[in-house]
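Here is a short briefing on helix packing and aromatic rings. Keep the 3D view open as you read.

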Amino acid sequence: MSKPIHINSRIRENAESLASALEHHMLKSFAPDARKELRLFSAGEAADLLNISASFLRKLHFENRIPDVHTTPGGRRHYSAADLTIIRKMLEDNAKSPGAYLKGRREGDKVQVLSFLNFKGGSGKTTSSIHTAQRLALKGYRVLAVDIDPQASLTTLFGYQPEVDFLHSGSIYDAIRYEDPLPFSQIIQQTYFTGLDLAPGGLILQEFEHETPTALRNNIQPPFYARMAAALQEVEADYDVIIFDCPPQLGYLTMSALCASTGVLITVVPNMLDVASMSQFLQMSADLLDVVSGAGARMEFDFLRFLINRYEPSDGPQQQVVAFLRQLFGEEVMTNAMLKSTAISDAGLTQQTIYEVERSAFHRNTYDRAVDSLNAVNDEVEALMQKAWGR
């Protein structure tokens, strides 16, 4: 007769084994004391991000109108994100109309706060939110990524070990907790991505879910749904866009992000099980939002969009589901979809995004297809922000 398993002990042993293995993987991927670094970009990539032609970029160098950049012995130029920031500012200074190259907030524009959410794990929230944050930063926007998922996958992608670096302090929890919250500015981490900061997540965020019922009974102010918006007020002038990566549940954390948001992107994988799950999620969301709206929460949003994720255009049933969603929701379904790609999942093996990896590491067509898909989605998000600013 086999010995009974003590589930608490066994789960702890598994957790310790996995944590050790992940730490070993991180040490193999990155030097012990190193933080991640962003790669350099080719002239073609730089021109695309600056929204100019490659020939005009060469002309700027030829006329010494912009600083020199890293050049290979063969004469190929490569640009860091910091180089792009300098060139973009110089182009803006000489532009005929303001905002031609710096497209972020102007006087009178409110910060754009975008929440990526769904009820179901595996719907691509983190993948979508980090690629959007990075693309916008590369295009010159000042971006803050906020990880409110206790699993902290977004934080991990920035090269941190949440279970070590932010186990007890330094996470977003410290800025929204009920007892003695810290100023939001104290928990913001600069990342290796120029123009992109991080408010880290971590397991301790679960405490917010546990403490909120007591706080509601004791009428602690501000209430849970207003705490995120109130905390963000200290730093929002420093950013054009704030992006929330929400947990796969409709708890107090998700509600607090929703009540701070100006736009919502609901990720959905196009199969009927996921759509059925999303139906329940939408119904529950509406019911809960009715409650917090009745309690005084702000409910005006600039836009709501459904983002089709992990889409395979050659899959007949998926095509039918997408057509069904478009018929049902019309323009609220984004025009562009995030394709399912081995390039995106392979990049994730080394805790990188498609914008970080070298094109040479993948089959050229696979890489280009993934990048084109992501760019199309993220540029559509950018257009929604610009429209909200009245442009």
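This is a predicted model: local features need pLDDT of at least 70, side-chain atom pairs count only at pLDDT 80 or more; totals for chains, interfaces and linings use all residues.

**Helix H5 against helix H15**

- Helix H5 spans residues 125-138, and helix H15 spans residues 364-388.
- Their axes come within 10 Å and cross at roughly 70°.
- Angles of 65 to 115 degrees count as roughly perpendicular, and H5 and H15 are therefore roughly perpendicular to each other.
- H5 contributes His131, Thr132, Arg135 and Leu136 to the contact.
- H15 contributes Leu374, Asn375, Asn378, Asp379, Val381, Glu382 and Met385.
- By class, this contact of H5 with H15 has 4 nonpolar, 4 polar and 3 charged residues.

- Phenylalanine 224 is in helix H10 and tyrosine 252 is in helix H11, 28 residues apart.
- Phenylalanine 224 counts as buried, at 8% relative accessibility.
- Tyrosine 252 is partly exposed, at 25%.

**A stacked pair**

- The rings of phenylalanine 306 and phenylalanine 329 have centres 4.3 Å apart.
- Their planes are at 15°, so the pair is stacked.
- This pair links strand E10, which holds phenylalanine 306, to helix H13, which holds phenylalanine 329.
- The two residues are 23 residues apart.
- Phenylalanine 306 is buried, with 3% relative accessibility.
- Phenylalanine 329 counts as partly exposed, at 24%.

**A cluster**

- Phe158, Tyr192 and Phe193 form one aromatic cluster.

Definitions and conventions. Residues are numbered from 1 along each chain as its sequence is written. Side-chain values use heavy atoms; hydrogens and water are left out. Axes are lines fitted to C-alpha atoms, for helices over the stretch in contact, and angles run from 0 to 180 degrees between N-to-C directions. Helices (H or I, at least four residues) and strands (E, at least two) are DSSP runs, numbered from the N terminus. Angles under 35 degrees count as roughly parallel, over 145 as roughly antiparallel, 65 to 115 as roughly perpendicular and the rest as oblique. Contact means heavy atoms within 4.5 Å. Ala, Val, Leu, Ile, Met, Phe, Trp, Tyr, Cys and Pro count as nonpolar, Asp, Glu, Lys and Arg as charged, and the others, Gly among them, as polar. Buried means under 20% relative accessible area, exposed over 50%, partly exposed in between (1.4 Å probe, protein chains only). Rings of Phe, Tyr and Trp (its six-membered ring) pair if their centres lie within 6.5 Å; planes under 30 degrees apart count as stacked, over 60 as edge-to-face and the rest as tilted.
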